[in-house]
Amino acid sequence: MKQFYILPNPGKDRTGEVTGEITRYLEDKGSTCRIIRDGSELKDGADCLIVLGGDGTVLRAARRIVRHSTPIIGINLGSLGYLAEVGKDAIFPALEQLLHDDFIIEERMMLEGKVIRKGEVIAAGYALNDLTISRRGPLRVVQFESYINKEPLSRFNADGIILATPTGSTGYSLSAGGPVVSPSASLIIMTPVAAHSINSRSIIFSDKDRIRVVIGEDRLIRPETAAVYFDGEDETMLRNGDAVEAHRAAYTTKIIKLSNISFLEILRHKMQLT
């Protein structure tokens with residue numbers, strides 16, 4: 001690799017010290033470096049996007065460069081992450097591996113979602129982790145109607161519903177009782193949040209399935225208050241009758257993996273199993 005872009009999280013590298021050190025190191029080795037503030041500034045032809053921050057910063061970058069094929073490597077300026085695997089104390093050995101092409105690239109599936117209101121698309125986006133529909137406002141549940149490939153599946157009341165990728169299975173979906181899935185898998189996980197039904201559990205669908213979730217009518221005919229989020233961001237407010245549709249995206253996120261640490265080893269560390 002010779003052409004690098006660096007996307008720092010200003011909240012994690014407040015002084016720009018880490019960004020500067022990486023830039024100088026790579027340029028001293030004969031590489032070209034460009035610091036960007038938003039993933040939309042990325043140009044085709046870059047060998048690698050170095051993301052400084054944590055898993056949240058990597059997720060944001062993945063959405064912003066979704067139409068590029070540039071691989072991403074995350075440098076975690078906090079604790080060990082699932083996506084940002086390089087710790088602050090291992091930056092320069094990691095850069096040497098990049099310069100010598102000593103790495104593998106994992107392709108992670110993404111979700112493409114859109115919000116439909118009265119037949120019109122009012123919002124759309126991509127997610128590497130999940131699309132989440134959550135209640136807003138007063139402490140009352142929302143009625144959800146779900147359809148798979150246009151076929152009705154279920155109707156239930158809950159605080160929310162999560163549509164997660166395998167990468168997102170270790171995030172919000174897991175905390176809501178969803179299964180842990182290897183990031184190399186290709187599937188979609190639907191997990192209700194605090195559902196008011198003993199039959200509402202996580203369901204795993206094929207990556208070829210298309211999911212539609214409709215905000216139902218409140219039992220007291222009051223306007224529902226809910227919102228949909230793409231990887232926890234890009235909020236869109238929802239009304240009764242609005243539909244959120246999701247399916248596997250045509251694009252993938254390419255994650256650079258440097259170490260031999262397996263997904264299971266990271267999982268054991270996160271869950272404090274060892």
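The following legends describe close-up views of a predicted model. Residues are numbered from 1 along each chain as its sequence is written, and side-chain values use heavy atoms, with hydrogens and water left out. Because the model is predicted, local features need pLDDT of at least 70 and side-chain atom pairs count only at pLDDT 80 or more, whereas totals for chains, interfaces and linings use all residues.

**View 1. The buried face of helix H3.** Helix H3 spans residues 91–99, and its buried residues are Ile91, Ala94, Leu95, Leu98 and Leu99; buried means under 20% relative accessible area, exposed over 50% and partly exposed in between, with a 1.4 Å probe and protein chains only. Seen down the axis of H3, these residues fall within an arc of 140°, so they line one face of the helix, the arc being that of the directions from the helix axis to the C-beta atoms. Helices (H or I, at least four residues) and strands (E, at least two) are DSSP runs, numbered from the N terminus. The buried residues of H3 pack against several elements, among them strand S1 (3–8), helix H1 (17–28) and strand S17 (243–257), where contact means heavy atoms within 4.5 Å. Asp101, which follows H3, has a positive phi near 55°.

View 2. Strand S6 (residues 104–117) and strand S7 (residues 120–127) pair in the antiparallel sense over 7 bridges; two strands pair if DSSP finds at least two bridges between them. Ile116 has Val121 in S7 as its bridge partner. The hairpin has 2 residues between S6 and S7, and Lys118 in the turn has a positive phi of about 55°.

**View 3. Phe144 and the largest nonpolar core.** The largest nonpolar core has 26 residues, of which Leu131, Ile133, Phe144, Ile211 and Leu238 touch the most other members; such a core is a set of buried Ala, Val, Leu, Ile, Met, Phe, Trp, Tyr and Cys residues joined through side-chain atoms within 4.5 Å. When residues up to four places away in sequence are not counted, Phe144 touches residues including Ile133, Phe156, Ile161, Val213 and Ile215.

View 4. Ser173 lies in helix H4 (residues 172–175) and is buried, with a relative accessible area of 0%. Leaving aside neighbours within four places in sequence, Ser173 is in contact with Ile162, Ala164, Gly168, Gly178, Ile189 and Thr191. Arg210, in the loop between strand S13 (203–206) and strand S14 (211–215), is partly exposed, with a relative accessible area of 46%. With neighbours within four places in sequence again left aside, Arg210 is in contact with Tyr147, Ile148, Asn149, Ala246 and His247.

View 5. On a 1 Å grid over the protein atoms alone, a cavity is a set of points where a 1.4 Å probe fits but cannot get out, and a pocket is an open set with protein on both sides within 12 Å along at least five of seven lines, while lining residues have an atom within 4 Å of a point. Grid points are joined across faces, edges and corners, and a volume is the space filled by probe spheres set on the points. The largest pocket has a volume of about 300 Å³, and of its 21 lining residues the closest to its centre are Tyr82, Glu106, Arg108, Pro183 and Phe263. The structure holds 2 cavities of 30 Å³ or more, and the largest cavity contains about 50 Å³ of space. S17 supplies the largest share of the lining of the largest cavity, 3 residues.
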